[in-house]
Amino acid sequence: MIKAILIFNNHGKPRLIRFYQYFAEDMQQQIIRETFHLVSKRDDNVCNFLEGGSLIGGSDYKLIYRHYATLYFVFCVDSSESELGILDLIQVFVETLDKCFENVCELDLIFHMDKVHYILQEVVMGGMVLETNMNEIVAQVEVQNRMEKSELCNQN
Amino acid sequence: MALKIVKGSIDRMFDKNLQDLVRGIRNHKEDEAKYISTCIDEIKQELKQDNIAVKANAVCKLTYLQMLGYDVSWAAFNIVEVMSSSKFTYKRIGYLAASQCFHENTDVIMLTTNQIRKDLSSPNQYDTGVALTGLSCFVTPDLARDLANDIMTLMSHTKPYIRKKAVLIMYKVFLKYPESLRPAFPRLKEKLEDPDPGVQSAAVNVICELARRNPKNYLSLAPLFFKLMTSSTNNWVLIKIIKLFGALTPLEPRLGKKLIEPLTNLIHSTSAMSLLYECVNTVIAVLISLSSGMPNHSASIQLCVQKLRILIEDSDQNLKYLGLLAMSKILKTHPKSVQSHKDLILQCLDDKDESIRLRALDLLYGMVSKKNLMEIVKKLMIHVDKAEGTTYRDELLTKIIDICSQSNYQYITNFEWYISILVELTRLEGTRHGHLIASQMLDVAIRVKAIRVFAVAQMATLLDNAHLLTGNMQRNGICEVLYAAAWICGEFSEHLENPVQTLEAMLRPKVATLPGHIQAVYVQNAAKLFATILKNQEGNTDSTAAQETSQMMIDRLPLFVQSANLEVQERASCILQLVKYIQKLQQKDVEVAEEVSALFAGELNPVAPKAQKKVPVPEGLDLDAWINEPPSESESEDEQPKAIFTKEEPKHSRPRHTEVDEKELARRREARKQEQANNPFYIKASPSSQKVYQEAPGVEHIPVVQIDLSVPLKVPATTPSHPTGLPMSDQYVKLEEERRQKERAEKKKKEKKKRKEKRSGRGKKHDSGPESEEDITPAHVVDIVTEEMPENALPSDDDDKDPNDPHKALDIDLDNLLETTARRPLADSEKLPVRSHRAAGAPKSSAEDGEAENATPQEPKKKSSKEKRDKKKDKERDRKRSKEEKKKKKHKHEEKEEDLLGGQAEEPVVQSEETKEVEAQPTSTSAEVSDLDFWLSNAPVPSNTQEAATVAEAAPAPEAPAGTAADSEPEEPKDTETEESKSSKHKKKKQKKEKEEKEKKKKKKHHHHHHHSDGGGEESVQNGTVEEEEPLPPMSNYCLLAENSYIKMVCDIQGNLQDGSQVVVSVIFENKSDSFLKSMEFNVLDSLNSKLQRPEGSGPHDGLTVPFQLPPGVSNEARFVFTVQSIVMPQKLKGTLTFIVKNEDSSTHEKLDFKLHFTCTSYLITTPCYSDAFAKLLESGDLKSSSVRLEGVNMPFHHLLARICFHHHFSVVERIDSCASMYSRSIQGHHVCLLVKTSGQTVSIDAKCDEPTLLGNVLDEIKQTFSQC
């Protein structure tokens, strides 16, 4: 199970948070801070797994993250997930973002948090991996975007 | 209206959208909070408008603010409004917001049930998808209960997009509403073979998640997963399945054996590192579960270790990390294979990556041996010095202690070395683990008696140099060590070199700056020291020294008397008065030493950490019962201050009665005595309870070496003012080396001598390999005292289970569901609630409707000659029995009565073809469970499986003769069996063209139709998968009990394993009329041997009320428990069902007589048995044998076996070609063993059982079963 997905930038500003277990807002912020603190002090050439986030989960949970330019993508997962599998999944997610936004950059995530959520929803659902095939994900996202467009056109 | 819309859209032009909000926040970096609060005000205004677009926009912005940490739960109702918009765009916004901020305690959630249900059934798949996604994040127990059935229907949706989401969300539903697991499981299982890979992957995902928590319930799915593993190419699915197998293998070693080969193949063939890694992991799990020693296993281990080494050596830090992680798993069972890579692991300790260093540390833990412990710890100590950052250093510290103390200090050969390591560790700055070091010091000093002299000396130095430790109060953690030091010096003060000096050190004014609990120990142990000093000095002629000591105590103690800490104060003032009194006596020249030291006489023994918990509750003591009368409510209110304590220890909150009478006192005394008797702290150490842990060939055999002490044991040798001078431990390492060398040399000498003495001697008596582990003897005779446990401690190891684990509720026996649905169908209470039906009051769900109807077997209308024969047989049997039991007159009488009735009433039909056809699902699964055994015991070639399956599917099976099919697939998994079973069915049909066969066909069609509609769009494919799971013609154990124009009763009889004298009869009542049936009463005339269990207080002839009413056309099941005494004979009980038939205008009383037939089979319980245990059983010679021959059995052998398994509750132990051994057990523990052989159409069954009568009857029943087909 995936317990949380966090995206924040090099300064710890959250760009997307998705908890699959309830935490109150202040707790969420604390978790983001702690995670940022743990992740940001690591060099880029060390491994992408991290134990010891004390706020989420406990010993069974690991942080698996990737650092792309200005953004950290952090997945908090338990032992039923394959570590390398999740790393691949992050890659798939980022590539999907790249396809959907055409050369995605931090600004896309800042201004279109909702869209990023919709894309993520096609990848992970309720903490479980829903789809790993990028073409399938992109196709579903596009159909839904078209629906949205047509609805808005009809209205105006 | 139009105007309103126009107005709305104009308004919107001025509203901020999400982008504007983000931009605004970025432009107001200085006063962000203020800006956001104005935005929130705007949002509140927008939410008040009627326009849904405006509202949705506002909610979207709120979602963004929620991410920034703002609580937006106040808008929950507006979110629900947006969710219920008919437009997808807004709905999606609403659900997103809900999934971000709703949780179980959000009260508006209960308003959403209907909306979500509507969205789930929306024709637009994306509406459904969005609802599912949202629901997955905020599903509550109520939502789960109300929507479980809707979601289950979606699992068969035509669109794979919806199917996969529905499958995934079921996991969340199970978590919140565990009751849904049983009814939903068959369909979930079906999805494992969904044609869409996404759906399949989702199903694998969910089942893996479930199985991880309660693996044993999913063992029966192993063959299916095995098939998936060998066929799937989706790495994601493969990884999940392989991980699942890792969890299953510990439960079933045979599974592991089967897995090794395909996994090894995958390891060799795959290029995906993630898959390779998981394979290695599971192979490791398999090897752990298997008892090692088989040659090919060591090859697998080598393969794993070798692959892992490649990972660890990889430049990719991730692989390195994972390699180490997996290596640590191998370490637990195969330490030797890992130890050869010590170089690599030590190298990783120097890695720049902390995660990797920590993993390497974990590995070190298992790699130590007596030989290398000192070396490894030395290396770690260097790392401790170098380490920057306290977390890593603390980790190192705990690891050092873990490594040294593991398995009861198994690897420590020199405890002096260990103590000095501990002392060196006290010099760590800022460590948090002072208490850890302290507890080690205490543990070693208490349990290793031989080390006490040395330990006391070291501790005395520590106390002397306490200022070094406490000089900087910031380093608070480490002063815990002084706690241990003071206690050791006090408790074992007889070993102190200079007790006065130590006493002086313990009473320094500086001590008052230590934490309270440490001061308390100081004070208490100062008193112990004082006692020792007195004892030493009393012998002397000069009494002034003793008096000086007393004076010092009297001078110094007042400092502690003033302590703010209560404990310190109390102890100090107590001891101060004591010393003052002693001083008085001393001045009178009275000898007091003896009496003072008596205060501290006796040795304290270590107590195991769980000792207290394991004290058994003495018989007759009810811990929950009140000792005194419970206080009246008003009383407890009066005693308000006590309420503070109530929270912590409710026991102490009992009201104290001021007047206690004598009796009460005596009782309390008694209770206390009892308590003391069981309290570990009161147990006097008995010598037997202290085990000697070091290898013990007898103390005299251990060559006790005179140590040439180049380092004096006296600690002052290291400069006392500055113990950092040189690490003491290093000197011990050197010493130890020398000692070992000497020892080795000595041994060699001895051996040479021995060899000379007797050359033909039986090899080496000392089994001294050149450097074997056992060779290294400890430096001195060390006896490690084990911790004490109370007498008759309870052997409970499940202390650590978390009672609050949500997965506990999901520990539902699905096998039971799979194996015996026919016998234990889903009870009505287990079916998923459906809204419409609930409103109508009918206790049935639409999904199960068809099944339930089908589950009611039809009455066989013809009375065949076979049945008549059966009747005769029964009569004969009854007569026989009555002969045997002549003595029991009453019994006999009843028997006769039964006999008479037996002639009149309809014979309960044991099995009819029709009943077999009816229940599809249960049988497919029941066969599967027995399949698991087949599957595991046979060794099919995995790659063949698929080919065979495809071949079988391609062939036009129906016309193929059954015999050949049976021959061609003796060991194939079920796929082929399906086809085959079909063919045999067809053949039968051709042979017997009877009327009811046609009916059967119809029914069958109906049945399939039901399945089709179930399967939604993919009819053909769905059907295919269903058929695949059906290896055998469906069977049911339900047989007709009685029937009239109103009602039909079918029943199944099962023994109860938990209670050797109970039989459970499940009866399905079906209302055949158009009227309402109510007030049903079920009554049976008890015999001496069998009695219906009635609720307490009811008479022996009272009937039991059936706990439901039946609307027209509805059926429901009730269970009745009977107690039986003897189970060796079948028997019949006469009974009556009375009920009221209610029409619109009238109601009539009706009754229906029936006869319950308890066959001997119903006393048997399917019990798996391993072949070795089976062989033993047969060898034991306690069993009587008997045999039977069946002629003209025209069915494949495995069908025959499955029938015996199913109808007679046997399990297959072993099957070789056309011969199989089977086993079952009666509820009273009789073993029944069968050897079934077939040749042509003749089947011979040789049977053994410890109860010949029972065996004879069981065989008769088996014969009867087969004579009917």
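Predicted model: local features only at pLDDT ≥ 70, side-chain atom pairs only at ≥ 80, totals over all residues.
**Chain A in outline**

Chain A has five helices and seven strands. Read from the N terminus, its elements follow the order β-β-α-β-β-β-α-α-α-β-β-α. The chain has 156 residues, and 62% of them count as buried.

**Two loop residues in chain A**

Two residues of chain A have a positive phi without being glycine. A:A69 sits in the loop between β4 (62-68) and β5 (71-77) of chain A. Its phi is near 45 degrees, a positive value, and A:A69 is not a glycine. Is A:A69 buried or exposed? The relative accessible area of A:A69 is 70%, so A:A69 is exposed. The cut-off for exposed is over 50%.

A:N103 belongs to the loop between α2 (83-101) and α3 (106-111) of chain A. Its phi is positive, about 60 degrees, although A:N103 is not a glycine. A:N103 counts as exposed because its relative accessibility is 63%.

**Salt bridges**

How many salt bridges does the structure hold over all chains? The total is 40.

| Salt bridge | N to O distance |
|---|---|
| A:E106 and A:R15 | 2.9 Å |
| B:K243 and B:E278 | 3.8 Å |
| B:D362 and B:K399 | 2.9 Å |

Take the pair in chain A. The side chains of A:E106 and A:R15 meet in a salt bridge. A:E106 lies in helix α3 and A:R15 in strand β2 (residues 14-19), so the pair ties together parts of chain A that are 91 residues apart in sequence. A:E106 is buried, because its relative accessible area is 17%. The cut-off for buried is under 20%. A:R15 is buried too, with a relative accessible area of 10%.

Now chain B. B:K243 forms a salt bridge with B:E278. Why does this pair tie together parts that are 35 residues apart in sequence? The reason is that B:K243 lies in helix α14 (residues 235-248) of chain B, and B:E278 in helix α16 (residues 273-289) of chain B. B:K243 has a relative accessible area of 22%, so B:K243 is partly exposed. B:E278 counts as buried, at 2% relative accessibility.

B:D362 is partly exposed, at a relative accessible area of 23%. B:K399 is buried, with a relative accessible area of 9%.

One network of salt bridges includes residues of chain A and chain B. It links A:D78, B:E209, B:R212 and B:R213.

**A helix of chain B**

Helix α10 of chain B covers residues 160-176. Does its length fit the rule of 1.5 Å a residue, or what span should it have? With 17 residues, the helix should span 24 Å. The expected span is 1.5 Å times one less than the number of residues. The end C-alpha atoms are 25 Å apart, which agrees. The helix is mostly covered: 14 of its 17 residues are buried.

**Surface patches and a loop of chain B**

Which residues gather in a patch of negative charge on the surface? They are B:D589, B:E591, B:E594 and B:E595. B:E595 lies in helix α33 (residues 593-598) of chain B. B:E595 counts as exposed, at 56% relative accessibility.

Another surface patch is nonpolar. B:F77, B:M110 and B:L111 form it, and together they have about 350 Å² of accessible area. B:F77 lies in helix α5 (residues 76-83) of chain B. The relative accessible area of B:F77 is 46%, so B:F77 is partly exposed.

B:D1182 is exposed, with a relative accessible area of 52%. B:D1182 and B:D1250 are 68 residues apart in sequence. In space, their C-alpha atoms are 6.2 Å apart.

Methods: Residues numbered from 1 in each chain as written. Chains lettered and ligands numbered in written order. Heavy atoms only, no water. Helix = DSSP H or I, 4+ residues; strand = E, 2+ residues; numbered from the N terminus. Buried < 20%, exposed > 50% of the residue type's maximum accessible area, 1.4 Å probe, protein only. Patch = residues over 30% accessible without salt bridge, like charges linked within 9 Å, V, L, I, M, F, W, Y side chains within 5 Å. Areas by Shrake-Rupley, 256 points an atom, 1.4 Å probe, with all protein chains shown as cover. Salt bridge = Lys/Arg side-chain N within 4 Å of Asp/Glu carboxyl O. Lys, Arg positive; Asp, Glu negative; His and termini not counted. Charge placed at Lys NZ, Arg CZ, Asp CG, Glu CD.
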